[in-house]
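Colleague: I would like to learn how to read a few features of a model, one at a time. Could we go through them together, with the general idea before the case?

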Amino acid sequence: MNWKVLLSGLFGIGLLVAVLAVPILKGTDPHALPSVLEGRKAPGFLLDSLEGQTWSSDSLVGKPVVMNFWATWCGPCKQEHPALLAAARMYPEVVFLGVLYGDEPAKAQRYLARAGAAYPTLVDPAQRTAMDFGVGGVPETFFIDRQGQIVKKVAQPISMGEISHWVEAIQ
Amino acid sequence: MISLIGRGLVLLALAAAVSGCVVGSISGIRKRDRGGDWTRNLTFAFGSFMVMATLLMEYALITHDFSVGYVAQVGSLSTPLHITIVSLWSALEGSILFWGFVLGIYAMVFAWTTRGRHPQHTAYSLAVLLGVAVFFCFLVASVADPFAAVEVVPPDGPGPNPLLQNHVLMIIHPPALYLGFVGMSVPFAMACSALLAGRLDAAWMQMLRRWTLLVWSFLTLGILLGGWWSYEVLGWGGYWAWDPVENASFMPWLAATAFLHSAMVTARKGLFSGWSLVLVIASFLLTLLGTFMTRSGVFNSVHSFTQSPIGPVFLVFIAIVLVFSVILLSARLDTLAAKDASIGSAVSREGSFLLNNLLFVCFTFTVLLGTLYPLIVEAISENRISVGQPYFDAMSAPICLALLFLMGVGPVLPWGRSEPGQVRQLFVRPAVFSVVVGALSFALGVRSPWVIGTFSMATFAAWASVRELSTPVLLRMRKQGEALPKALLESAIRTRRRFGGHIVHLGVVAMAVSVASATHWREDVDLTLTQDEPVEVFGYTLTYLGAENQDQPHRVSQVGRFSAAAGGRDLGVLEPRFNRYKKRGDEVPSPAVYSGPKEDLYLSLLRVDDDGTASLRVVVQPMVAWLWVGGLMMVFGSFIASFPERILRRRSSVEAQGDVA
């Protein structure tokens, strides 16, 4: 029996198995990328909606807010659109806002006329607000509580169940 | 009903595997022949039950029996038949069943080809092989049960993953990779049997080499097709992204490649025999690690199925196999190594093979570290990081260059000791030539040292292979007056391993040059084109002709039509598209590629608008086609080298008799 091989081998196995076991034990989802903004104050903004109405972050203080970054060229955004529509109708006390990401307002208007709209979509020139929020791609949905803190960022097409869960959390 | 029969078959296979594993171990320990026959029969039983279970699942898929859990999960009435057949491996449960099927076939072929030979080694090998089978049968019977009955039978299902449905390569890439991955358990079993028996005969070693080579060919083919598929489907114009799962297939390939070289030294010189077995065992363990990565949901990748319950079970299995291998190695390594001769001179073929092995092992560790590093960081802190292309590129480029260099040196150096004068004579011409090629590429404007290095080292390596291939052919033509085709065929048959090996090397050279050129001269741009207005881009003229929708039962395609021309020559109409699969609602882009020997024009549709404009990504990469040519050469060469000797011998003895008559 070569004890050197045995002991170093078993040591290596222990390390490897430990490394592989950690994510299983923690139960983390590798597809989820936590936002550094979670738990911090939401960045301020001052934007016009497609209808020409001005929205500022200051006017939203004290209200729970759901902000959804989207675009008409993004397939998954269209996929989650019905869920967001339904949620906006179900929770009238929550402010739902769409923010257009890298897209033309005319296209968004045409799309919303067809697919339906239940809340305003803001136009974000040069994607300044998207940058402030650290948006890496669309769709991304932010849940902001009454104190203006980002409670959760969801970086994938969102479902009705997920929206309800996080809306309960910010109310 | 099918659920019940299917589960029954899997349980029978499990029973056969368990009893075969026990009987095989006992007959290996007691060296009894009768036990060996029993083990063989139980192997056939296991294989047959596994094949039957898989065929039954295929039957359920084809007849759309949605009472079977797996069919309800991936089946759909509107999916075309050929896609329905291959959806066996489109999700977790089916793919594990398919794994068992391939293992069953391998086990039966192995049991059949070893009948009446090496009784003790065979009994041990079958015992180990069936031990692996026990685990997979257990998975199929428990946590990944494809035959689970559905309580409320749905009228229709969602259909398989759209990515699987989107391209023909997706039909052959997974089975080829499975043949490589699952097949690695045969060399592993053979290596374990040599360790269990405490001796490694030359004949057993030769068989081990042949099996590993065969499995290696499949693995190479699987990896190649995966890259090709990614290029043809994913729309970013690349073929390799150092994604954890790509790495998972690459690591066992590296370890097995190292073995194929060290085994040559073991066979020829009786060196490195213990080391060769370590490499075989490592290759198998790396395939298990790879499967774990794809199937456990621990890694984020295009390949990973989402969170699944088999992760913990798989990890326990990996741990058991690791502990088993380490105990076995530490118990027997000294016995095997005691018989090894010692290496004579560093400037010899065995010296260069030793260096080759060190490089391959370094390469494997580099990839392993890069792949596991995010997990390590996450284990000791809360941070999430990802290790990307820059790390892997920076680490692998020098190793690849060194390997290219060795490809030009190793096969040319003599075994044993070499005289300085001889070495000078062998390498002066290729060295001068490769320096000339390097200088020429510098003169033509190449400034990247890596690209220049690749070109000149590729020349160096190609020189060696071409000379080794052509010398025997030319000799036959001159000495025996044979025509070129006959001389080529005869020398291919007579020195089949060396011949195949050099074809593989030339394939590697083609791939190296292709990767270097494609990466260095890649150009890409995102454009918006207006209908019927030609646009000049990278030397091509593209005209957007309009878009159309194509409706098929299972999908709707939005097709952008673009005419392409280069230098006044019409290249035809390219049709990149979006395919939307009705049942799942996912949109999958499908790029269009115009492929030529010089360069590829690659169009990927980004969006089509109602106002007569379309946006697309245009990628032009030189020499990409040579990547596939080189890869296919590697597969072809390794098939030549692993061709069974018996058939060839029979053929040439028939010829010899004909000559006498």
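Colleague: Is Ile24(A) buried or exposed, or something in between?

Modeller: A residue is called buried if 20 or more other C-beta atoms, placed from the backbone, lie within 10 Å of its own, exposed if 12 or fewer do, and partly exposed in between. Ile24(A) has 16 other C-beta atoms within 10 Å and is therefore partly exposed. Ile24(A) belongs to helix H1 (residues 3-26) of chain A, where a helix is a DSSP run of H or I of at least four residues, a strand is a run of E of at least two, and both are numbered from the N terminus.

Colleague: What should I keep in mind about the origin of these values?

Modeller: This is a predicted model, in which local features need pLDDT of at least 70 and side-chain atom pairs count only at pLDDT 80 or more, while totals for chains, interfaces and linings use all residues. Residues are numbered from 1 along each chain as its sequence is written, and chains are lettered from A and ligands numbered from 1 in the order in which they are written.

Colleague: How is chain A divided into domains?

Modeller: The bounds come from an automatic or database domain assignment, which gives domain 1 (1-28) and domain 2 (46-170) in chain A. The centres of these two domains, taken over C-alpha atoms, are 46 Å apart.

Colleague: What is the radius of gyration of chain B, and how do I judge it?

Modeller: The radius is taken over C-alpha atoms, and the globule rule is 2.2 Å times the number of residues to the power 0.38. For 661 residues a compact globule would have a radius near 26 Å, and chain B, with 27 Å, agrees with that. Chain B holds 21 helices and 10 strands, and 49% of its 661 residues count as buried.

Colleague: How do I read the packing of helix H6 against helix H9 in chain B?

Modeller: Two packed helices are described by the angle between their axes and the distance between the axes. The axes are lines fitted to C-alpha atoms over the stretch in contact, and angles run from 0 to 180 degrees between N-to-C directions. Helix H6 (residues 119-141) and helix H9 (residues 185-197) of chain B pack at about 130 degrees, with their axes 8 Å apart. That makes H6(B) oblique to H9(B), because angles under 35 degrees count as roughly parallel, over 145 as roughly antiparallel, 65 to 115 as roughly perpendicular and the rest as oblique. Taking contact to mean C-beta atoms, placed from the backbone, within 7 Å, the residues of H6(B) that meet H9(B) include Tyr124(B) and Val128(B), and those on the H9(B) side include Ala189(B) and Ser193(B).

Technical notes: Two residues are in contact if their C-beta atoms, placed from the backbone, lie within 7 Å.
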